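Please describe the fold and the charged side-chain pairs of the protein shown here. A short report will do.

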Amino acid sequence: SRYQLTGWIHASQIIGREGGEEAVKIRFRSAMDADSVAAYYRRLLSENPWRLVSDVKSPEGTITLYAEQDGPPLWVSIRRASGSAGSFIDLAGAKAR
């Protein structure tokens, strides 16, 4: 369910939300480091009904995951918080119809 995507981050804080009729993006700040967050999403998005299609780390260290299911796909972008512990997580996807 969609709550599984964010339920584990109980120590996280939603710091932004943007979107329109077709898509939405939510930004979280987590006390967890980027590699731990990425490991969690890799596990979750490798389980049914998800299929992890892409897993890329940029030269700057941002980890971008792309997953598909029978419904709308999901993009997860994870980057280390600069100047402090923790990370920023962006969840983006098309709204279900």
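## Basis of the model

This is a predicted model, in which local features need pLDDT of at least 70 and side-chain atom pairs count only at pLDDT 80 or more, while totals for chains, interfaces and linings use all residues. Residues are numbered from 1 along each chain as its sequence is written, and side-chain values use heavy atoms, with hydrogens and water left out.

## The sheet

Six strands form an open sheet in the order β1-β2-β6-β5-β4-β3, and the pairing is antiparallel. Strands β1 (13–19) and β3 are at the edges with a single partner strand each, so one side of each has no neighbour in the sheet. On average, neighbouring strands of this sheet are turned by 15° against each other, direction ignored.

Here helices (H or I, at least four residues) and strands (E, at least two) are DSSP runs numbered from the N terminus. Two strands count as paired if DSSP finds at least two bridges between them. The angle is taken between axes, which are lines fitted to C-alpha atoms (for helices over the stretch in contact), and angles run from 0 to 180 degrees between N-to-C directions.

## The β3–β4 hairpin

Six bridges join strand β3 (residues 51–57) to strand β4 (residues 63–68) in the antiparallel sense. Among the paired residues, R51 has E68 in β4 as its bridge partner. Five residues lie between the strands of this hairpin, where G61 has a positive phi near 100°.

M32 is found in the loop between β2 (23–30) and α1 (34–44). Its relative accessibility is 33%, so M32 counts as partly exposed; buried means under 20% relative accessible area, exposed over 50%, and partly exposed in between (1.4 Å probe, protein chains only). The C-alpha atoms of M32 and A85 are 7.6 Å apart in space, although the two residues are 53 apart in sequence.

## Salt bridges

How many salt bridges does a search of the whole structure find? There are three, a salt bridge being a side-chain nitrogen of Lys or Arg within 4 Å of a carboxyl oxygen of Asp or Glu.

One of them joins the side chains of R27 and D90, at 2.6 Å from N to O. R27 belongs to strand β2 and D90 to strand β6 (residues 87–94), so the pair ties together parts 63 residues apart in sequence. R27 is partly exposed at 26% relative accessibility, whereas D90 is buried at 12%.

## Links between β3 and α1

K57 and D35 form a salt bridge whose closest N and O atoms are 3.9 Å apart. This pair links distant parts of the chain, with K57 in strand β3 and D35 in helix α1, 22 residues apart. K57 is exposed, with a relative accessible area of 54%, and D35 is partly exposed, with 49%.

D55 and R42 also form a salt bridge, with the closest N and O atoms 2.5 Å apart. D55 is in strand β3 and R42 in helix α1, so the pair ties together parts 13 residues apart in sequence. The relative accessible area is 37% for D55, which is partly exposed, and 30% for R42, also partly exposed.
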